[in-house]
Amino acid sequence: MAVSSFTMSIKKVLITQPRPDSDKSPYFELARKHSVELEFFPFIRLEGIPSKDFRKQKIDISLYSAVIFTSRHAIDHFFRICEELRIAVSQDTKYFCITEAVALYLQKFILYRKRKVFYGADGTNKSLFDVINKHKENEQFLYPCSENQQDNEIISWLKANKCEFVTPFMYRTISNDVKQVLTKSEFDVICFFTPSGVRSLLENFPRYKQNGTRIGAFGNNTSKAIEEAGLTLHIKAPAPETPSMVAALEKFLSSNKK
């Protein structure tokens with residue numbers, strides 16, 4: 001994680017996601033501990049692709065023995081499409097998830113059994129690849145994506161490892177209007193979680209200047225999007241010591257006080 005060589009007073013942090021439902025979220029404990037003000041505002045929203053449009057992709061879900069999920073949204077839309085098209089998902093289907101939290105979300109839709117649900121050790125693509133690599137023999141992978149998805153690292157790995165796979169589009173990502181939240185306040189730190197969130201910033205502010213704002217990123221693809229936008233990255237997760245954005249913020253804020 002990159003940390004600036006000089007300290008600055010951190011007072012306001014913008015989390016580009018919806019506000020947590022529970023007051024027990026670790027974000028709020030972090031805010032109390034470091035006396036910072038947190039604001040939550042999602043930079044993107046997801047819109048499900050209608051099942052009639054999904055049919056045009058001519059992908060037969062029942063032919064695939066394994067599914068790769070990188071988010072809870074992907075899980076929601078996968079099972080939505082299956083329900084709308086009356087597709088019965090085989091009980092033998094294997095699920096490969098980017099994190100344990102995503103894997104546990106499957107309990108909402110399936111009888112959760114560890115022998116068919118796998119997840120990466122630390123939330124990185126590499127750890128996901130390690131898990132897939134152990135079980136990829138004779139599997140046909142289905143990787144549900146956003147229509148305008150930019151996550152090509154997983155696709156590149158599947159190709160390089162000669163896996164049989166398809167990437168059905170089941171939802172699309174739409175930028176929210178974030179002008180109001182960014183013009184009414186100046187934030188010392190802005191945390192991004194997807195490349196689409198970074199794209200939303202640039203669509204709202206094509207000439208955006210960082211001007212000392214510290215930027216955080218969750219995920220390799222988000223980090224890459226920030227750097228490709230010509231912005232400086234200061235806070236990066238996941239990492240062995242900082243598996244979550246909360247942990248990365250904790251480390252950054254603690255280091256900044258020294």
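Is Glu47 buried, partly exposed or exposed, and what is its relative accessible area? In this predicted model, Glu47 is partly exposed, its relative accessible area being 37%. The side chain of Glu47 forms a salt bridge with Arg172, with 3.2 Å between the closest N and O atoms. Because Arg172 belongs to strand 10 and Glu47 to strand 3, this pair ties together parts of the chain that are 125 residues apart in sequence. Arg172 is also partly exposed, at 21% relative accessibility.

Salt bridges were searched for over the whole structure, and 15 were found. One of them joins Lys184 and Glu39, at 3.5 Å from N to O. Lys184 is exposed at 55% relative accessibility, whereas Glu39 is buried at 16%. Both residues belong to a network of salt bridges that also includes Lys12 and Glu37. A further salt bridge is formed by Asp53 and Lys56, whose closest N and O atoms are 3.4 Å apart. Of this pair, Asp53 is partly exposed, with a relative accessibility of 21%, and Lys56 is exposed, with a value of 64%.

Two helices were examined for burial. Helix 8, which spans residues 195-204, is mostly covered, seven of its 10 residues being buried. These are Pro195, Ser196, Gly197, Val198, Ser200, Leu201 and Asn204. The elements that cover them include strand 3 (44-48) and strand 10 (169-175), the two strands that hold Glu47 and Arg172, respectively. Helix 7 (179-184), strand 11 (189-192) and helix 9 (220-228) are also among the elements covering the buried residues of helix 8.

In helix 5 (residues 125-135), the buried residues are Asn125, Ser127, Leu128, Phe129, Val131 and Ile132. Their cover includes strand 4 (66-69), strand 5 (94-97), strand 6 (117-119) and strand 7 (140-142). Helix 6 (152-160) and helix 9 also contribute to the cover of helix 5.

The loop between helix 8 and strand 12 (214-218) contains Lys209. Lys209 is exposed, with a relative accessible area of 59%. Between Lys209 and Asn148 there is a C-alpha to C-alpha distance of 25 Å, and the two are 61 residues apart in sequence.

Definitions and conventions:
Residues numbered from 1 in each chain as written. Predicted model: local features only at pLDDT ≥ 70, side-chain atom pairs only at ≥ 80, totals over all residues. Heavy atoms only, no water. Buried < 20%, exposed > 50% of the residue type's maximum accessible area, 1.4 Å probe, protein only. Helix = DSSP H or I, 4+ residues; strand = E, 2+ residues; numbered from the N terminus. Contact = heavy atoms within 4.5 Å. Salt bridge = Lys/Arg side-chain N within 4 Å of Asp/Glu carboxyl O.
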